[in-house]
Amino acid sequence: MKQIFLVEDDKAIARNLIRLLRSEGFAVTHAPTRAQALAALAGNHFDLALVDISLPDGNGFTVCTEIKASQDIPVIFLTASDDESSVVTGLNLGADDYITKPFRPRELIARIGTALRRSARPGPIFEIHGVQVDTASGIVKKCGKEIYLSALEYRLLLVFIQNPKNIITRDRLLDELWDAAGEFVNNNTLTVYIKRLREKIEDDPTDPQIILTVRGTGYRLGGGYVSE
């Protein structure tokens, strides 16, 4: 279970965030002040931190600095203002992302998912029907020749190879891909991305062997899957 460190002084926002994050399967440690945040860092290890810029006893910039000094984890700033100087300051201090209040719950979850994936340790190499995916470098090859995938096409492929035994519904794919490359994905565009991905990785896109359609449900990965 991923451990989220939430540094937020607003009680209502913190309560709602804790409820949201736990409903998504995260464990949450909450600190409402800079002092409590620094104390919590001493005895815990986290996977990601959500840090409010404005705190009653200081600011989130110092908390970010302390987090980055003690734990190599992503930091996402929560800010009530989209003031450019604050954003730049946070990013220069090593923050991985920021999100402006009020924010949509699904957007926050998508941002967290993206940050966690970027920070993940180098992964294995996957191969299926002549397509090789090196998750450490992000390089995809077909029959030994590198092929170019867009950010969303690559993320789509990762969802399948990371869930080789599961049927993946369209709703699940939409949740995984939402805002992954800074663009909105709906049912129609998902169909387009599936088609484009098949055209690049399948020997015969009209008779796919890698990404199979499960009618009325979604998709699943085909057989012949190998992980190194």
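The following legends describe close-up views of a predicted model.

**View 1**
Helix H6 spans residues 151-161. Ten of its eleven residues are buried, so the helix is largely enclosed by the rest of the structure.

Leu 173 belongs to helix H7, which covers residues 170-177. Its relative accessibility is 0%, and Leu 173 therefore counts as buried, the cut-off being under 20%. With neighbours within four places in sequence left aside, Leu 173 is in contact with Leu 156, Val 159, Phe 160, Ile 168, Leu 190 and Tyr 219. Leu 173 and Phe 160 are separated by 13 residues in sequence, and their C-alpha atoms lie 9.5 Å apart in space.

**View 1. Packing of helix H2 against helix H3.**
Helix H2 (residues 34-43) packs with helix H3 (residues 60-70) at an angle of about 5°, and the two axes are 10 Å apart. Angles under 35 degrees count as roughly parallel, and H2 is therefore roughly parallel to H3. On the H2 side, the contact is made by Arg 34, Ala 37, Leu 38 and Leu 41. On the H3 side, Thr 62, Val 63, Glu 66, Ile 67 and Ser 70 take part. Classified by type, the residues of this contact comprise five nonpolar, two polar and two charged. As background to the spacing along such elements, an α-helix has 3.6 residues a turn, so residues three or four places apart point the same way.

**View 2. Arg 34 in helix H2.**
Arg 34 is placed in helix H2 and is one of the residues through which H2 touches H3. Because its relative accessibility is 28%, Arg 34 counts as partly exposed. Beyond neighbours within four places in sequence, Arg 34 is in contact with Leu 55, Asp 57, Gly 58, Thr 62 and Val 63. Of these, Thr 62 and Val 63 are among the H3 residues in the contact between the helices. The C-alpha atoms of Arg 34 and Gly 60 are separated by 7.3 Å, although these residues are 26 apart along the chain.

**View 3. The largest cavity and its lining.**
One cavity of 30 Å³ or more is found in a search of the whole structure. The volume of the largest cavity is about 30 Å³. Its lining consists of Ile 53, Phe 77, Thr 79, Ser 86, Val 87, Gly 90, Leu 91 and Tyr 98. Strand S6 (75-79) and helix H4 (84-92) each supply at least two of the lining residues, and H4 gives the most, with four. By type, the lining divides into five nonpolar and three polar residues, with no charged residue.

**View 4. The second largest pocket and its lining.**
The second largest pocket has a volume of about 170 Å³. Ile 13, Asn 16, Leu 17, Leu 20, Lys 101, Pro 102, Phe 103 and Pro 105 line this pocket. Helix H1 (residues 11-23) gives the most to the lining, with four residues. The lining residues divide into six nonpolar, one polar and one charged.

Conventions. Residues are numbered from 1 along each chain as its sequence is written. This is a predicted model: local features need pLDDT of at least 70, side-chain atom pairs count only at pLDDT 80 or more; totals for chains, interfaces and linings use all residues. Side-chain values use heavy atoms; hydrogens and water are left out. Buried means under 20% relative accessible area, exposed over 50%, partly exposed in between (1.4 Å probe, protein chains only). Axes are lines fitted to C-alpha atoms, for helices over the stretch in contact, and angles run from 0 to 180 degrees between N-to-C directions. Angles under 35 degrees count as roughly parallel, over 145 as roughly antiparallel, 65 to 115 as roughly perpendicular and the rest as oblique. Contact means heavy atoms within 4.5 Å. Ala, Val, Leu, Ile, Met, Phe, Trp, Tyr, Cys and Pro count as nonpolar, Asp, Glu, Lys and Arg as charged, and the others, Gly among them, as polar. On a 1 Å grid over the protein atoms alone, a cavity is a set of points where a 1.4 Å probe fits but cannot get out, and a pocket is an open set with protein on both sides within 12 Å along at least five of seven lines; lining residues have an atom within 4 Å of a point. Grid points are joined across faces, edges and corners, and a volume is the space filled by probe spheres set on the points.
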